[in-house]
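Open the model in your viewer and keep the selection tool at hand. The stops below go from one selection to the next.

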Amino acid sequence: MAQVVTSKRGPVTGTATHQRKKRPFLLDLYSTAVGKKYAMGLSGIAMMGFVLFHMIGNLKIYAGAADLDHYAHFLQTLLYPLAPKGWVLWILRGGLISMLFLHLHAAWSLTRLNRHARPVKYQSKRDYQIANFASRTMRWSGIIVLGFIVWHLLDLTFGVVNSETGKMITHPGDEESVKAVYASIVYSFQRTPVALFYVVANILLGIHLFHGTWSIFQSLGWNNPRFNNWRRGFATGFASLVVVGNVSFPIAVMAGIVG
Amino acid sequence: MTLTDELFAKNTVKLDSKIPDGPVADKWDNYKENMKLVNPNNKRKFKVIVVGTGLAGASAAATLAELGYQVDAFTFHDSARRAHSIAAQGGINGAKNYKGDGDSVHRLFYDTVKGGDFRAREANVHRLAQVSVDIIDQMVAQGVPFAREYGGLLDNRSFGGAQVSRTFYARGQTGQQLLLGAYQQFSRQVGLGGISLYNRSELIDIVVIDGRASGIVVRDLVTGEISSHAAHAVVLATGGYGNAFFLSTNAMACNVTAAWRAHRKGALFANPCYTQIHPTCIPQSDDSQSKLTLMSESLRNDGRVWVPTNPDETRQARDIPEEERDYYLERLYPSFGNLAPRDISSRAAKRLVDKGQGVGPKKNGVYLDFSEAIERLGHDVVQERYGNLFEMYERIAGENPYETPMRIYPASHYTMGGLWVDYELQTNIPGLYAAGEANFSDHGANRLGASALMQGLSDGYFVLPYTIGNGLAPLLGKSMPGIDHPEFKAAEEAARERFNAYLAINGTKSPDYFHRELGKIIWDYCGMERTEEGLKKALELLPALYQEFKTDLRVTGDGDNMNQTLEKAGRVDDFFQLGMLMCRDALDRNESCGGHFRSEYQTDDGEALRDDENYCHVAAWQWGGDPMTPNLNVEPLEFEAVHLATRSYK
Amino acid sequence: MSNHLKNITLRIWRQAGPAAKGNFETHVVDEITDEASFLEMLDILNDKLVTEGKEAVVFDHDCREGICGTCSLMIDGQAHGPQRGTATCQLHMRQFKSNDTITIEPWRASAFPIIKDLMVDRSAFDRIIESGGYITADTGGAPDANLIPISKIVADAAMDSAACIGCGACVAACPNGAANLFTGAKIAHLSRLPQGQAERYSRVEAMVETMDEKFGSCTNHGECEAACPKEISIDVIALMNKDFRKAKFANRKDLARK
């Protein structure tokens with residue numbers, strides 16, 4: 001179990017004389033671990049914004065099928081007729097996907113760096129002091145949430161695993177039909193395993209968000225003695241808000257409140 | 001004819017201290033104006049070896065590299081930042097007079113000479129006081145976060161042996177901050193290629209060719225490899241020898257080897273008996289203890305030292321009423337009180353503990369009480385000033401000093417003696433320099449608090465870079481012996497043999513055992529108080545124990561990889577030889593001065609009794625082939641600017 | 001006052017050299033006073049080993065006052081052992097009980113290769129400092145020390161981070177083997193002082209990039225702060241991150257001029 005690198009003996013000199021590589025500055029920033037953490041933080045903020053608005057929008061489910069379906073329709077025809085139908089939504093989705101990829105790429109390369117930084121693990125049990133479940137499971141909570149997102153898209157966006165998704169409905173008083181999002185959600189959550197998966201994944205998302213939110217302050221260097229004490233609280237509040245909102249949907253469906 | 005003259009006539013080595021002409025205040029300027037210079041383009045043709053990377057070594061190496069010399073720096077630590085300068089707590093003196101309390105270069109000079117009990121070379125001390133001002137500027141420019149007042153200006157505190165506030169400090173970690181400052185300058189030069197750094201490399205020998213220091217032999221502690229390094233000049237900044245006592249406040253690895261090996265190659269070792277006992281250390285708590293911890297002397301600014309008047313006192317400190325306490329420093333030395341110089345406070349503590357008035361489970365300490373300060377200043381101010389020291393005390397002693405007084409006792413701390421150097425900090429071997437605690441030059445028989453940091457940085461930043469240039473200038477264009485010279489090969493071979501010999505003894509006792517026993521002898525007979533009888537006894541015990549060391553030592557492991565037992569064996573060997581010289585020097589000096597207190601020579605009230613008629617000289621010892629037969633050389637000390645006076649702090 | 005602990009079992013990592021295979025070796029310390037320091041206990045063990053003709057356990061240590069930063073050791077899964085804000089050399093046996101089993105391992109990180117047993121090579125820290133952890137001020141040219149007043153608060157904050165002893169506990173404790181606390185502490189120390197402003201952004205760039213070559217990345221666990229014997233706050237990491245961003249963006253123009 002040798003730590004592979006051995007110490008080179010002999011004099012040390014001129015260690016700071018090498019020419020630094022010149023790169024375009026965004027790449028230059030991203031090439032360092034600190035820069036990658038910036039990327040993670042910024043993409044994290046974008047995705048935090050998404051999950052928050054996604055949750056708030058979905059609260060319309062409590063206002064009834066018509067309201068929710070109209071809201072979905074609104075998103076699809078955002079800025080119409082300025083932009084063709086669906087375009088703005090796809091631009092937003094494109095942005096979100098690139099944020100996700102940036103987040104994933106940074107996470108993947110940082111993980112590799114970290115593995116490389118300690119090729120031989122401690123041979124005795126570590127006794128962590130501050131590191132908590134959230135911080136130590138970021139990788140796993142992230143991967144599971146990613147898997148959930150894929151399922152979630154197949155379920156409620158593309159309808160691959162949901163026969164109700166994509167069906168159209170004309171609500172009373174409407175002239176044209178809109179996508180029956182409400183019905184598709186209700187159908188989905190009436191399948192208990194799906195609802196359970198949804199609940200578990202959202203709790204993991206909350207855990208991921210908790211450490212991620214607090215981390216953003218550190219990674220982006222937002223450190224100010226005036227608000228430092230609030231950071232943990234803010235992270236807890238934000239994560240709880242998203243989780244409570246999201247988890248309420250399957251529970252409401254299963255309890256028959258929505259449906 | 002005085003004894004000094006008599007001994008001087010018998011000198012075996014010509015000791016030229018090279019003190020420049022002129023009044024003491026002008027000597028350094030005269031020197032700088034008249035010294036030889038090396039053209040900037042020629043500096044890179046000279047290689048200087050610096051051994052040790054403490055304050056003196058790191059600052060010298062950094063400055064020499066900045067000037068353009070090629071510097072090879074050696075440290076036996078893993079990093080240059082580990083040197084023991086880092087442990088100094090209290091502060092650094094600088095004659096800035098920022099407090100407007102009447103400080104001046106002359107006053108710092110005078111205080112240092114007086115503090116050293118008039119046994120230091122005037123010219124060197126004056127230069128030290130002069131450059132003290134530049135040191136503070138330099139360290140602030142490097143980013144040392146000295147303590148500040150609310151207005152943003154530098155804060156000062158007062159220290160033992162001075163009646164002005166001239167001590168700059170960075171919490172209780174001044175040595176750390178100064179060393180890191182020097183280390184950063186040093187590292188910058190390593191990064192830029194001006195310094196080649198050899199870490200975990202211990203000096204084993206000095207090579208002298210045709211009377212000139214030509215290089216060194218080192219042992220790579222990781223691989224055991226022994227190698228030679230040639231240079232135009234060699235600087236030893238390897239610290240003091242306080243670990244001869246085994247229990248001291250020095251770091252575990254501090255040793256005398258570099259200085260001692262130079263001594264064996266002909267460099268004179270001056271005043272080895274001048275060792276400083278620091279009054280405020282945490283008393284020994286058990287027999288397995290490996291080292292003692294110092295609590296900064298700055299604590300005496302606000303702490304009051306006392307013992308119970310009743311030797312059979314059993315109550316807790318808090319329960320002892322005022323009238324049954326003896327605040328003995330305030331009683332005996334009213335004008336300096338708790339800030340009496342180190343040697344004086346130490347002996348006062350020892351006398352009381354010897355009388356049975358000691359406190360603590362082993363009755364081996366005195367109280368240092370902050371209750372009055374906490375009442376006067378409030379808990380917060382005391383915490384602000386000494387918080388980290390209090391925490392440190394609590395970690396070690398398991399008692400809370402805000403509630404119970406600290407227990408303190410003197411311990412070996414600093415050694416004023418060291419390699420003899422002239423005004424240029426050059427030993428009697430041309431090309432070999434000694435800086436910082438490794439030389440003997442500035443503190444006489446006793447060092448004042450906050451002066452060690454000052455001296456290390458003065459030597460490294462502001463003295464050596466000039467004097468080495470003066471020494472190197474005439475060498476331009478002359479060829480120097482390289483490491484293939486037979487002398488280097490012979491020294492390498494001798495070093496190999498020496499370490500193989502330790503491994504081959506295969507006796508029964510570890511180097512630590514011998515170090516502990518050696519330390520006990522030196523502490524008992526050559527410690528805080530010395531007698532003719534005791535020193536003679538030590539000089540019988542030491543050779544006997546040394547003989548046992550040579551026949552019963554056990555070093556396990558091999559010589560070709562990291563072997564701390566083997567390293568230790570080499571260091572203990574040198575401590576044995578030095579120990580004999582310390583006792584011999586102490587026996588020969590029939591007077592009491594500073595850290596050297598011979599109980600035969602004291603006033604009626606127990607103060608040191610100097611003999612200026614016969615001992616106003618530096619005792620510089622030459623290696624005589626055997627540690628028991630050194631040759632004495634003396635350098636008479638002349639005082640022009642200060643009058644020899646009885647040192648009184650009453 | 002002092003109590004004696006009995007029957008302490010030590011599981012100590014032994015490894016002959018950088019490339020050798022290591023393993024835990026078990027030793028029993030029959031009795032020791034709780035006044036003894038942790039390293040004194042190892043001294044006693046080593047003395048016994050040498051007397052028995054065995055090789056002593058190699059471990060780094062020096063000042064034993066918690067300031068030089070030489071000592072290391074992962075003790076029972078914690079860098080510098082169980083006492084907060086305390087380096088191994090200041091850890092005393094009163095933190096343990098009779099019959100305890102104590103596991104001692106070297107610090108593990110690819111930047112800290114094992115030299116032997118419990119001793120590792122931390123030179124990578126020196127490389128970080130060499131790349132920029134200083135204020136360029138050649139000897140001799142300094143202005144008067146009181147020329148630039150520094151607010152006490154700023155000086156104190158600089159001192160807080162300058163207290164770093166370079167022991168490497170932050171790297172050892174970090175689940176990722178990152179050196180951000182060490183690097184951040186030096187950057188925070190120098191960048192808070194007026195003297196450090198001229199090189200503020202070139203320093204952070206150079207130091208972060210050198211750190212990157214050798215160490216892992218920060219994922220904000222906070223283990224480093226908990227392990228730090230000087231209790232340096234991870235606020236310094238945030239400051240470093242901020243300065244690094246500024247160096248890359250805001251001051252791009254200035255840096256491009258050179």
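Select helix H15 (residues 511-526) and helix H17 (residues 564-588) of chain B, which pack at an angle of about 15° with their axes 9 Å apart. H15(B) and H17(B) are therefore roughly parallel to each other (angles under 35 degrees count as roughly parallel, over 145 as roughly antiparallel, 65 to 115 as roughly perpendicular and the rest as oblique). Axes here are lines fitted to C-alpha atoms, for helices over the stretch in contact, and angles run from 0 to 180 degrees between N-to-C directions. Helices (H or I, at least four residues) and strands (E, at least two) are DSSP runs numbered from the N terminus.

This is a predicted model, in which local features need pLDDT of at least 70 and side-chain atom pairs count only at pLDDT 80 or more, while totals for chains, interfaces and linings use all residues. Residues are numbered from 1 along each chain as its sequence is written, and chains are lettered from A and ligands numbered from 1 in the order in which they are written.

On H15(B) the contact residues include Phe514(B), Leu518(B) and Ile522(B), and on H17(B) they include Val572(B), Phe576(B) and Met582(B). Contact means that the C-beta atoms of two residues, placed from the backbone, lie within 7 Å. The residues of this contact divide into 13 nonpolar, 3 polar and 2 charged (Ala, Val, Leu, Ile, Met, Phe, Trp, Tyr, Cys and Pro count as nonpolar, Asp, Glu, Lys and Arg as charged, and the others, Gly among them, as polar).

Next, still in chain B, select strands E3, E5 and E4, which form an open antiparallel sheet in the order E3-E5-E4. E3 (92-93) and E4 (157-158) are the edge strands, each pairing on one side only. Strands pair if DSSP finds at least two bridges between them; E3(B) and E5(B) (residues 165-168) have 2 bridges. Pick Ile92(B): its bridge partner in E5(B) is Phe168(B).

Now show chains B and C together. Their contact takes 70 residues from chain C and 69 residues from chain B. On the side of chain C that touches chain B, the largest share, 6 residues, comes from H1(C). That side divides into 28 nonpolar, 23 polar and 19 charged residues.

The mean for chain A is 93, and 97% of its residues reach 70 or more. Over residues 1-5 of chain A the pLDDT is below 50.

Notes. pLDDT is the predictor's confidence in each residue, from 0 to 100.
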